[in-house]
Amino acid sequence: MLYDPKWEKKTETDQPWQLALRRAADIIDERGHAKHTLQADDGCVCALGALLVADHIYGTNEFNPARKRLMAYVGSYISQWNNAPERTAAEVTQAMRACAGSQ
């Protein structure tokens, strides 16, 4: 996927689901990226795990809206997309941020 952080729009009018996706991407950057588990023993998280952690930490209650938007953006079930052998942490976080930048 083509993505450049300069394209990301951060405004005061961001919807809660957009903030949830950005926070989840930050969590993957901080903890690391996991596959085939929500959270690994070392704290790494998958895309869905990161959304759950973000929801828990920030209390946004935006897991489902963010999950649905990301699923539509990647065109697949998030777990299948996240767990693809070729999928990298950078691709996951870039997709989350690009999705958050879309309306």
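# Close-up views of the predicted model

**View 1. Aspartate 55 and the residues it touches: once neighbours within four places in sequence are set aside, aspartate 55 is in contact with Thr60, Asn61, Glu62 and Phe63.** Keep in mind that this is a predicted model. Aspartate 55 sits in helix α2, which covers residues 47-58. Which side chain of opposite charge is nearest to aspartate 55? That would be arginine 23, but at 8.0 Å away. A salt bridge here needs a side-chain nitrogen within 4 Å of a carboxyl oxygen, and aspartate 55 has no salt bridge even though it is buried. What the aspartate 55 side chain does have is a polar contact of 2.7 Å with the side chain of threonine 60. A polar atom of the aspartate 55 side chain also lies 2.6 Å from the backbone nitrogen of asparagine 61.

**View 2. Helix α3 and its buried residues, Phe63, Ala66, Leu70 and Val74.** Why do these residues line one face of the helix? Looking down the axis of α3, the buried residues fall within an arc of 75 degrees, so one face of the helix is lined by them. They pack against α1 (16-31), α2, α4 (78-83) and α5. As for the helix itself, α3 runs over residues 63-74, 12 residues in total, and reaches 16 Å from its first C-alpha to its last. That is close to the 16 Å expected at 1.5 Å a residue. Just past the end of α3 comes glycine 75, with a positive phi of about 70 degrees.

**View 3. Methionine 96, a buried residue of helix α5.** The helix spans residues 89-100. Is methionine 96 buried or exposed? Its relative accessible area is 0%, so methionine 96 counts as buried. Apart from neighbours within four places in sequence, methionine 96 is in contact with Leu21, Ala24, Ala25, Ile28, Ala47, Leu51 and Leu70.

**View 4. Aspartate 29 and arginine 97, joined by a salt bridge.** The side chains meet at 2.6 Å, N to O. Distant parts of the chain are linked by this pair: aspartate 29 belongs to helix α1 and arginine 97 to helix α5, 68 residues apart. Aspartate 29 has 49% relative accessibility, so it counts as partly exposed. Arginine 97, at 16%, counts as buried. Look for Asp26 here too: Asp26, Asp29 and Arg97 are linked in a network of salt bridges.

**View 5. Two further salt bridges, arginine 22 with aspartate 14 and glutamate 91 with arginine 87.** In the arginine 22 pair, the closest N and O atoms are 2.6 Å apart. Both arginine 22 and aspartate 14 are buried. In the glutamate 91 pair, the closest N and O atoms are 3.6 Å apart. Glutamate 91 is partly exposed because its relative accessibility is 31%. Arginine 87 has a relative accessible area of 16%, so it is buried. How many salt bridges does the model hold? The count comes to 4.

Terms used: Residues numbered from 1 in each chain as written. Predicted model: local features only at pLDDT ≥ 70, side-chain atom pairs only at ≥ 80, totals over all residues. Heavy atoms only, no water. Helix = DSSP H or I, 4+ residues; strand = E, 2+ residues; numbered from the N terminus. Buried < 20%, exposed > 50% of the residue type's maximum accessible area, 1.4 Å probe, protein only. Lys, Arg positive; Asp, Glu negative; His and termini not counted. Polar contact = N/O pair within 3.5 Å; in protein donor to acceptor, adjacent residues only side chain to side chain. Contact = heavy atoms within 4.5 Å. Expected span 1.5 Å × (residues − 1). Arc of directions from axis to C-beta.
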